[in-house]
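User: Hi! I'd like to walk through this model with you, a bit at a time. Ready when you are.
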Amino acid sequence: MFGALISDALEMAKAATGASDARSIAKVVLTSDSYRITALNRAREAAQALHIPLVNHVLRVAQTAVMGIEIGKDVTLGKGVYFVHSLGVVIGGDARIGDRVRFYGNNTVGTAKDNGYPVIEDDVWIGAGARILGPVRIGARSRIGANAVVLQDVPPDSVAVGIPARVFPRKDLDEVPL
C-alpha cells in the first residue's frame with residue numbers, strides 16, 4: 001500500500017505541476033484533495049484484501065461525505081489518478097481506471113443497464129459533467145469532452161464530444177515524421 005501511495009504522489013505531482021521534485025510531491029501530499037481521495041481508496045483496497053470487515057464500507061462513506069466522491073468497492077484505480085474537482089464524481093461497479101487519468105468533476109463512470117462497466121486506459125482526460133456508461137473501452141490519451149455521454153468504444157488518441165458522443169481523432173498531437 002505504501003509503495004502505491006508513493007507512486008501516486010509522484011504521478012500526481014507530475015500531473016499537477018509538471019515536476020517530480022521533493023517540493024512538488026510534498027505540496028501534492030499536503031494540499032491535494034485528489035491525493036487524499038486516492039489514499040483513502042488505497043486504504044479501502046488494503047482492508048478489502050485483508051478481509052477486514054466493515055472498514056471498506058466505513059471509509060467509502062467517509063470518502064463520500066467528506067470529499068463528495070463515490071467510488072465502488074470493486075473499482076480499480078491506476079497510479080496517479082487525478083481528481084481536479086472531486087464533487088459529484090461517481091465511479092461504479094468494477095470499472096477499471098488507468099494511470100494518470102484526470103477527472104474534471106461531476107462525472108459518472110458506470111452502467112445504465114447492468115451490462116458491464118467501462119475500462120479507461122492511461123492518460124485520459126474526462127471533462128466536467130461527462131458520462132461514460134456501459135462496457136466501453138476508452139483508449140489511451142483520449143479526451144472526453146465536457147457533458148459528453150459516451151456509449152461506445154473510443155480509440156486511443158481520440159476526442160469524444162456530444163450526446164451521444166461522436167468520436168474524432170485528436171488534432172493536438174504532433175505528427176511524427178516518417
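User: In what sense do strand 14 and strand 15 pair, and over how many bridges?
Analyst: Strand 14 and strand 15 pair in the antiparallel sense, over 4 bridges. Strands here are DSSP runs of E with at least two residues, helices are runs of H or I with at least four, and both are numbered from the N terminus. Two strands count as paired if DSSP finds at least two bridges between them. Before we go on: this is a predicted model, where local features need pLDDT of at least 70, side-chain atom pairs count only at pLDDT 80 or more, and totals for chains, interfaces and linings use all residues. Residues are numbered from 1 along each chain as its sequence is written, and side-chain values use heavy atoms, with hydrogens and water left out.

User: Thanks! Which residue is the bridge partner of Val 161 in strand 15?
Analyst: Val 161 has Arg 166 as its bridge partner there. The hairpin of these two strands has 4 residues between them, and Gly 162 takes a positive phi near 100° in it.

User: What about the faces of strand 14, which residues are on the covered one and which on the uncovered one?
Analyst: Ser 158 and Ala 160 make up the covered face, while Val 159 and Val 161 are on the uncovered face. Val 159 also stands opposite Arg 143; strand 12 (residues 143-144) pairs with strand 14 in the parallel sense over 2 bridges.

User: Zooming out, how many strands form the open sheet, and in what order?
Analyst: The open sheet has 6 strands in the order 3-6-9-12-14-15, with mixed pairing. Strand 3 (82-83) and strand 15 (166-169) are at the edges; each has a single partner strand, so one side of each is left without a neighbour in the sheet.

User: And at the strand 3 end, what is the pairing with strand 6?
Analyst: Strand 3 and strand 6 pair in the parallel sense over 2 bridges. Tyr 82 has Arg 102 as its bridge partner in strand 6.

User: Let's switch to aromatics. How many aromatic pairs does a search of the whole structure find?
Analyst: The search finds 2 aromatic pairs. In one of them, the ring centres of Phe 83 and Phe 103 are 5.2 Å apart with the planes at 15°, so this pair is stacked. The cut-offs: rings of Phe, Tyr and Trp (its six-membered ring) pair if their centres lie within 6.5 Å, and planes under 30 degrees apart count as stacked, over 60 as edge-to-face and the rest as tilted.

User: Where in the chain are those two Phe residues, and are they buried or exposed?
Analyst: Phe 83 is in strand 3 and Phe 103 in strand 6, 20 residues apart, so the pair links distant parts of the chain. Phe 83 and Phe 103 are both buried, where buried means under 20% relative accessible area, exposed over 50%, and partly exposed in between (1.4 Å probe, protein chains only).

User: Which charged ends sit over the ring of Trp 125?
Analyst: The charged end of Arg 102 sits over that ring, 5.5 Å from its centre, and the charged end of Arg 143 does too, at 4.1 Å. The test is NZ of Lys or CZ of Arg within 6 Å of the ring centre and within 35 degrees of the ring normal.

User: What's in the largest nonpolar core?
Analyst: That core has 28 residues, and Ile 91, Ile 97, Phe 103 and Ile 144 have the most contacts inside it. Strand 1 (69-71) and strand 4 (89-91) each supply at least two of its residues. A second, separate core has 7 residues, including Leu 5, Ala 9, Met 12 and Tyr 35. A nonpolar core is a set of buried Ala, Val, Leu, Ile, Met, Phe, Trp, Tyr and Cys residues joined through side-chain atoms within 4.5 Å.

User: Leu 5 then, where does it lie and what does it contact?
Analyst: Leu 5 lies in helix 1 (residues 2-17) and counts as buried at 11% relative accessibility. Leaving aside neighbours within four places in sequence, Leu 5 is in contact (heavy atoms within 4.5 Å) with Tyr 35, Ala 39 and Arg 42.

User: Last one: where is Asn 107, and what does its side chain reach?
Analyst: Asn 107 lies in the loop between strand 6 (102-103) and strand 7 (108-110), and is buried, with a relative accessible area of 0%. The side chain of Asn 107 reaches the backbone oxygen of Gly 127 at 2.7 Å. That is a polar contact: a pair of N or O atoms within 3.5 Å, where within protein one must be able to donate a hydrogen and the other to accept it, and residues adjacent in sequence count only if both atoms are side-chain atoms.
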